[in-house]
Amino acid sequence: MTSKLKRDVILDSIHNNVQDKNLIKHMLATEAIMRALAKRLGENEEKWGLTGLIHDIDIELVGGDMSSHSKLGADIAQELGASESMAHAILCHNEAHGIPRETKLDKALFCANPLSDLITAAALAHPDKLSGLTTKSVLNSFREKSFASGVNREQVSQCQEIGLGLEEFISLGLEAIKEIALELEL
């Protein structure tokens, strides 16, 4: 089954279910990274991007309960027209469920999710915000364990499972987020 999901429908659902503006920005940043990854890897950009966009739609609905997070999100995504493979990627991006990541889409969402947070934190800490960031500066932030300590570096490093080195992955993610900087207000 191919996805029948539409971006405008997802955005409407996000705005109806998510109040936290920073969470919405995170979802938009993850979408941008996922689209760039799909382009780089020769995958379906729309499918991958929409998976990134909707992946955290349920966080507020489950009250931040990580044992429930992504189960409801995968169900919501499918109700909105997501394919089974998209729902599976959403479900297994949360390690709490112990569901193996099998496809490139699964693995890409898993490592793109925390990368969006790392790049956003680095942009907020930089005097010139996102425009001043370089791949090298984000790599330095990645290596500084006390910086954005909530970002799971091991998870970001899983980019090797989709055939990208860390530096290339960070560069790709940074450029993708820079393209939507105005939308993210960074």
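**Close-up 1. Where helix α3 meets helix α5 in this predicted model.** Lys47, Leu50, Thr51 and Ile54 of α3 are in contact (heavy atoms within 4.5 Å) with Ser85, Met86, Ala89 and Ile90 of α5. The residues of this contact divide into five nonpolar, two polar and one charged, where Ala, Val, Leu, Ile, Met, Phe, Trp, Tyr, Cys and Pro count as nonpolar, Asp, Glu, Lys and Arg as charged, and the others, Gly among them, as polar. Helices here are DSSP runs (H or I, at least four residues), numbered from the N terminus.

**Close-up 2. How α3 and α5 cross.** The axes of α3 (residues 45-54) and α5 (residues 84-92) come within 10 Å and cross at roughly 40 degrees; each axis is a line fitted to C-alpha atoms over the stretch in contact, and angles run from 0 to 180 degrees between N-to-C directions. That angle makes α3 oblique to α5 (under 35 degrees is roughly parallel, over 145 roughly antiparallel, 65 to 115 roughly perpendicular, and the rest oblique). The crossing is right-handed, meaning that the near helix is turned clockwise from the far one by less than a right angle.

**Close-up 3. Cysteine 111 and cysteine 159.** The whole structure has zero disulfides (cysteine sulfur pairs within 2.5 Å). For cysteine 111, the nearest cysteine sulfur is that of cysteine 159, 5.8 Å away.

**Notes.** Residues are numbered from 1 along each chain as its sequence is written. In this predicted model, local features need pLDDT of at least 70 and side-chain atom pairs count only at pLDDT 80 or more, while totals for chains, interfaces and linings use all residues, and side-chain values use heavy atoms, leaving out hydrogens and water.

Definitions and conventions. Helices (H or I, at least four residues) and strands (E, at least two) are DSSP runs, numbered from the N terminus.
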